[in-house]
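Please read it beside the model.

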Amino acid sequence: MSSPVSYELQGNIGVITLDNPPVNALSHAVRQGLLDAINAAQSDTSSAVVILCEGRTFIAGADISEFGKPFKEPGLPELLNIIEASSKLVVAAIHGTALGGGFETALAAHYRCAVPSAKVGFPEIKLGLLPGAGGTQRSPRLAGVKSSLDLITSGAPISAGQAAEIGLVDEIIDGDLSAGAIAWAEKLVADGAPIRKSSEQSVPEFDSSIFDQYRATLANRARGQVAPEHVLTAVEAATTMSFEDGLAVERESFVECMNSSQSVGMRHIFFAERQAAKLDGVSKDTPNRPVENVGIIGGGTMGGGIAMSFANAGIPVTMIEISDDALARGLGIIERNYAGSVKRGKLSEEKAAACRALISGSTDYAALAGVDLVIEAVFEDPDLKKKIFKKLDAVCKPGAILATNTSYQDVDAIAAATGRPEDVVGMHFFSPAHIMKLLEVVRGERTADDVLATVMTLAKKIRKVAVVSGVCYGFIGNRMLQPYGQTAQLLLLEGASPQQIDTAMESFGMAMGPLRVFDLAGLDVGYKAREALSDDDKGDPKTFRVPDLLVEAGRLGQKSGCGFYSYDDNRKPTPDPLVDELINSAAADFGIVRRDITDEEIVDRLVSALVDEGRKILDEGIAQRSSDIDVVYIYGYGFPAARGGPMFYADNRRA
Ligand code: T1G
């Protein structure tokens with residue numbers, strides 16, 4: 001099989017070209033090809049070498065799919081040291097995203113050039129790793145300690161321009177990168193530019209307290225994660241040791257992180273997220289319908305957030321409300337959200353203005369006659385939804401996709417209200433919709449394949465992580481949330497306190513414990529939903545007696561300043577003895593003798609509640625695959641990525 005790396009002389013420049021789609025990952029074949037090419041360059045007539053990549057990006061990192069498999073020489077750190085030791089001047093020419101081992105390869109070159117649109121970074125931390133091929137040693141020598149810690153602990157890429165400002169890129173190439181890089185290499189040679197090895201540079205002056213500052217920050221931001229402390233250790237080594245010794249420290253840390261259950265879980269999610277985008281039984285060549293403009297029915301919190309998700313992706317939106325006042329309120333929510341993003345520095349004023357300009361409103365459905373997609377986002381009244389879809393069926397053009405944002409209702413029943421059920425699909429966004437990444441795409445009985453394929457493609461464009469669900473009450477996430485919440489209620493009656501349950505789950509890694517989640521959502525939501533149910537349908541009264549008593553006492557959750565907890569003006573929760581009394585009295589009513597419950601039992605029963613329901617969802621074919629359920633719980637419900645998701649955690653805990 002031909003090597004993914006080619007080498008040829010162009011004039012007196014040796015050009016190494018990598019061609020390993022889709023992202024030029026540093027597979028064994030690529031590493032071997034790079035080694036052969038750089039060795040060839042040492043003895044030919046080249047005066048300099050340029051490393052380029054075909055396709056959409058420079059090297060995007062080590063080949064993650066090789067992790068955990070038997071190691072094959074050459075190892076990346078050794079290979080990069082050989083590149084850096086080259087007797088010929090080496091230039092890395094960057095386009096797309098030079099990430100992880102890809103950016104480390106560029107740092108091992110003597111000079112780096114990039115097109116303006118290129119991005120560089122160290123995303124290893126998102127995989128529970130740290131740069132393992134010299135990045136923690138070379139970056140501080142080139143860009144200094146603070147910039148390197150920011151880059152490596154955030155995992156976020158920076159632009160070529162930003163990289164140039166901190167010394168990680170030397171030249172921005174406008175126009176054709178290949179020609180520009182070769183011309184620049186020739187100029188470097190002509191100017192007598194030295195072979196500049198970053199490993200031989202010393203780390204620029206830095207504030208010695210920075211490591212302690214970072215430890216304090218990371219203790220909170222990356223609570224419980226293993227890799228961040230290793231990053232500090234490795235970067236600190238770069239400031240106190242020789243390059244070789246620092247490299248050894250990095251290597252030791254890298255191996256420890258690679259073998260950690262956290263990295264195994266985070267690597268599982270990396271591939272699970274991409275797997276979720278694949279539709280079993282639907283050809284990946286299924287043509288997509290055009291989605292040039294979108295209509296949103298309902299200007300509430302959800303409608304506003306959904307509208308922003310599309311506008312932020314450059315897609316014009318028409319928001320429909322029932323009156324001018326309601327429409328003004330809806331557009332006002334959007335205005336406030338954008339102003340908040342600008343104030344927090346998340347968005348420039350120009351970008352916010354451009355997005356806002358893409359959102360218009362109307363009280364007349366006729367405004368939707370030309371849209372390609374409509375998303376209904378009104379409150380959870382099934383009759384109202386059916387009425388809306390009947391109107392949309394009459395107003396929207398043939399081929400328009402009609403989507404509902406319902407968080408649990410029967411998409412098939414909604415589709416049946418139209419004469420085009422094949423155009424109807426669920427698009428369940430999570431609040432706040434312009435921030436939360438999860439999108440449950442609900443496939444109705446009659447939903448057409450091309451509608452599904454179109455929505456999955458669109459999800460990526462609006463930067464959502466889409467997971468397909470079949471039709472059932474609550475789809476995947478909310479269906480699993482039900483037994484999870486019920487189990488929390490049983491634990492309360494049996495002897496645990498709200499703060500013990502929440503603390504145990506937050507120590508496990510959940511972003512927020514279940515009782516705090518219910519206070520955030522509002523206890524009255526469940527109360528009202530139960531009012532419409534028969535006693536049989538309500539289920540075991542032990543699973544809702546306490547929240548019902550809280551609601552009847554006016555404790556609706558954060559919205560009323562108290563629920564399971566009391567809340568101050570900053571919404572900080574404080575345990576409330578009144579709640580303990582109410583729980584004790586409810587337990588007595590049920591004849592329950594309360595007992596001490598361990599944190600381990602709390603975590604085990606709550607996670608098992610999620611997993612047992614997840615298994616039913618799989619058995620019923622509601623979810624395409626177990627890893628899809630993991631993606632739902634990590635991107636929609638704050639399950640810790642370091643544990644790989646509820647299903648992965650259960651499978652590996654019991655293995
Ligand atoms: N290894 C293997 N496969 C990869 C890969 C990688 N590094 N990156 C992407 N893929 C696959 C992905 O699974 C998908 O496959 C296809 O490429 C397109 O990806 C030593 C140890 C580059 C920004 O973490 O961030 O280097 O589903 O859908 O949206 O210190 O991919 O088509 O079969 O994401 O255009 C560090 C991870 C590795 C970068 C492109 N690097 N990749 O985004 O495409 S660790 C990363 C990305 C490391 C060193 C350490 C993105 C992207 P399939 P995609 P995209």
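Of the contacts in the protein with a separation of 6 or more, 73% join residues 24 or more positions apart. Contact here means heavy atoms within 4.5 Å. The model is predicted: local features need pLDDT of at least 70, side-chain atom pairs count only at pLDDT 80 or more, and totals for chains, interfaces and linings use all residues. Residues are numbered from 1 along each chain as its sequence is written, and side-chain values use heavy atoms, without hydrogens or water.

The protein holds 27 helices and 19 strands. These are DSSP runs: H or I of at least four residues for helices, E of at least two for strands, numbered from the N terminus. The radius of gyration is 28 Å, close to the 26 Å of the globule rule for 655 residues, so the protein is as compact as a globular protein of that length. That radius is taken over C-alpha atoms; the rule is 2.2 Å times the number of residues to the power 0.38. Along its principal axes, the C-alpha trace spans about 85 × 60 × 45 Å.

Buried residues make up 53% of the 655. Buried means under 20% relative accessible area (1.4 Å probe, protein chains only). The protein exposes about 27700 Å², 53% of it from carbon and sulfur atoms. Areas follow the Shrake-Rupley method with a 1.4 Å probe.

| Residue | Relative accessibility |
|---|---|
| C355 | 1% |
| C396 | 6% |

The disulfide count is 0, a disulfide being a pair of cysteine sulfur atoms within 2.5 Å.

How values were computed. Buried < 20%, exposed > 50% of the residue type's maximum accessible area, 1.4 Å probe, protein only.
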